[in-house]
Amino acid sequence: MVQATDMPRNEDGIAAALGVLKQQFGDRFQTGASIREQHGHTTTWIRNQPPDGVVFPQSTEEVADVVKVCATHKVPLIPFGVGTSLEGHVNAPAGGISMDMGQMNEILAVYPEDLNCVVQPGVTREQLNTYLRDQGLFFPIDPGANATIGGMTATRASGTNAVRYGTMKDNVIALEAVMANGDIIKTAQRAKKSSAGYDLTRLLVGSEGTLGVITKITLRLQGIPEAMSSARCSFETVDAACQAVMATIQYGIPVARMELLDTASVEAVNAYSKLDLPVSPLLLLEFHGSEASVAEQSATFGDIAEDVGGTGFEWTTNAEERNRLWQARHDYYWATLQISPGKTAIATDVCVPISRLAECVARNNEMVEELGLTGLIVGHVGDGNFHTTLLIDMADHEEIARAETFVGRLNDLAISMDGTCTGEHGIGQGKRPYLTRELGASTRYMAAIKAAFDPHGILNPGKVLPD
C-alpha cells in the first residue's frame, strides 16, 4: 500500500509554535489526541499522521496570524476542510499545525445579476446551494461528498456535473489567500474575464494547500434550469455502456450528468437504497434546459443507447423520482461497504480521453480479475473519469499487496493512454510517485514555483511534488 513516510520534525519550533498559538487562540487551539487524529488522514489505507495541534481561525486576519507564527518558527501548516479528501492531503508527515477552516463558513455576498458569489472556505457545497435556492441559482460542482468549497478549490474537484459545467478550475473566478510569509493577496477581480498578469487563480486552484491558504473564493453560479430530466438505461456489458457514452458526447448532446455503474455496483445500490434496477451495467443521466429541450435530449440519447443494445430506457422529470435515483448514486460508497462487512473501500481515480474510455475500463476489469480482487466501477464517464472501488481486508497483507499492484498498473495504464492518474481526487501523498511519470520535466518547474512561494517548505509538506 501507499506508505506515508515520516519527515524530519522541527521539535523546538513546534514546541514554540504550540505555546504561542495556545496563548493567542485559547480554546480554539486544541492538542488532544482524538482531535489531532481526526485531522490526520483516515479515509483510506494511507496511515494516519496527526498534527501536533489544531487551530480554528475565524477570519483572514487570524489565518495570517497563524501563518506568521508557523513561518517564524518554521513549523508545517496543513489547511483542513472537512476531511473528505482521499489521497492523504491532510496528513502531517512532519508534524505541525492543522488549520481547520470550519468556522470560516459565511456566504459573504451573492451577485445575482452577475451570476457569482463570494464565500469563505468553510462553506459546504450543500450549505451554499440551500442558501442560493430561493434566488433561482445554484453552484453546479458536485463531488458527491458534502465537501467544503475551500477543499474543493484546493483539490480542483469536479464530480457528477463536470461533463456540462466543468470542474472547479472553470468555476472559480478569484481567490483571496494567505501566502507562506503571512501576506494576504487577491488573485483577481469579479470581472468575468481578465488578461491582467499571471493567472494566480488557476495556480492556486488545485495546489492542495502547498502554495497558500485560501480564505475567500469568488464562484461562478448558474441559473436553476426550467426543467430537469433524469434517465436510466441498462446494457449487457460495460463496453456497450461506454460506447453509448462516447456516442452521446460526440453527438453533442449537452448532458449535465452521465454516471456509470457496473453490475456489482447496481446490486449494491439496489440492496442499500431499496431499488429494483436491472442487475446489469447501468448509465444514469440528467439533462437540463427547457421542457422541450430536455425531452428532446432524453429521446435522442434513447436512440443512441438502442443502437448499442441498451434496454429498459426510462426518463422522468418528476423531482421525487429524480432525487431518489441520484441519492442512490450518492449512497454508493456506503452501499459497497455492505458487500463485504469488515473490509475497507479503497477508491481509485483515473481519467482518459473519451475515445479510450471503453478500452481502459475493459483493461481495468481484466486486471481486477487477474489479481483476484473485488472491484466495483462507478464513474463520471461523460468526461472519461471513472473510479474502481476495491474492497480490502486491511489485516491481509497479501491482499493489500495485490491491491497496491492494481492501483499502480491502473495509474500507468491511464497515463499510457494520454490520460491522468487523477481526474479529480488530486495527488496528495498517494499519487506522488506518478506525477513525474505523467508530466515529466514539468515537475521541476512546479518545484521551482513551490520554492518561490514557500521557501521554507512549511505549507502542507510531503504532498504533490515527488521527493
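Residues are numbered from 1 along each chain as its sequence is written, and side-chain values use heavy atoms, with hydrogens and water left out. In this predicted model, local features need pLDDT of at least 70 and side-chain atom pairs count only at pLDDT 80 or more, whereas totals for chains, interfaces and linings use all residues.

View 1. Helices (H or I, at least four residues) and strands (E, at least two) are DSSP runs, numbered from the N terminus. Two bridges link β1 to β2 (residues 53–55) in the antiparallel sense, and V54 in β2 is the bridge partner of Q30.

**View 2. The surroundings of Q49.** Q49 lies in the loop between α2 (33–38) and β2. Q49 counts as buried because its relative accessibility is 3%; buried means under 20% relative accessible area, exposed over 50%, and partly exposed in between (1.4 Å probe, protein chains only). The side chains of Q49 and D6 are joined by a polar contact of 2.9 Å. A polar contact is a pair of N or O atoms within 3.5 Å; within protein, one must be able to donate a hydrogen and the other to accept it, and residues adjacent in sequence count only if both atoms are side-chain atoms. Beyond neighbours within four places in sequence, the contacts of Q49 include A4, T5, H41, N91 and Q429.

**View 3. H387 and its polar partners.** H387 belongs to strand β19 (residues 385–392). With a relative accessibility of 6%, H387 counts as buried. The H387 side chain reaches the backbone oxygen of T348 at 2.9 Å and makes a polar contact, also 2.9 Å, with the side chain of E424. Apart from neighbours within four places in sequence, residues in contact with H387 include D349, L376, H380 and H425. The C-alpha atoms of H387 and V361 are separated by 9.6 Å, the two residues being 26 apart along the chain.

**View 4. Strand β8 and its two pairing partners, β9 and β10.** Seven of the seven residues of β8 (residues 172–178) are buried, so this strand is largely enclosed by the rest of the structure. β8 pairs with β10 (residues 213–220) in the antiparallel sense over six bridges. Three bridges join β8 to β9 (residues 184–186), and these strands also run antiparallel. V178 stands opposite V213 in β10 and opposite I184 in β9. The hairpin of β8 and β9 has five residues between the strands, and G182 takes a positive phi near 95 degrees there.

**View 5. Helices at the second largest pocket.** α8 (200–204), α16 (432–439) and α17 (442–453) are the elements that give two or more residues to the lining. The most is given by α16, with four residues.

Technical notes:
Two strands pair if DSSP finds at least two bridges between them. Contact means heavy atoms within 4.5 Å.
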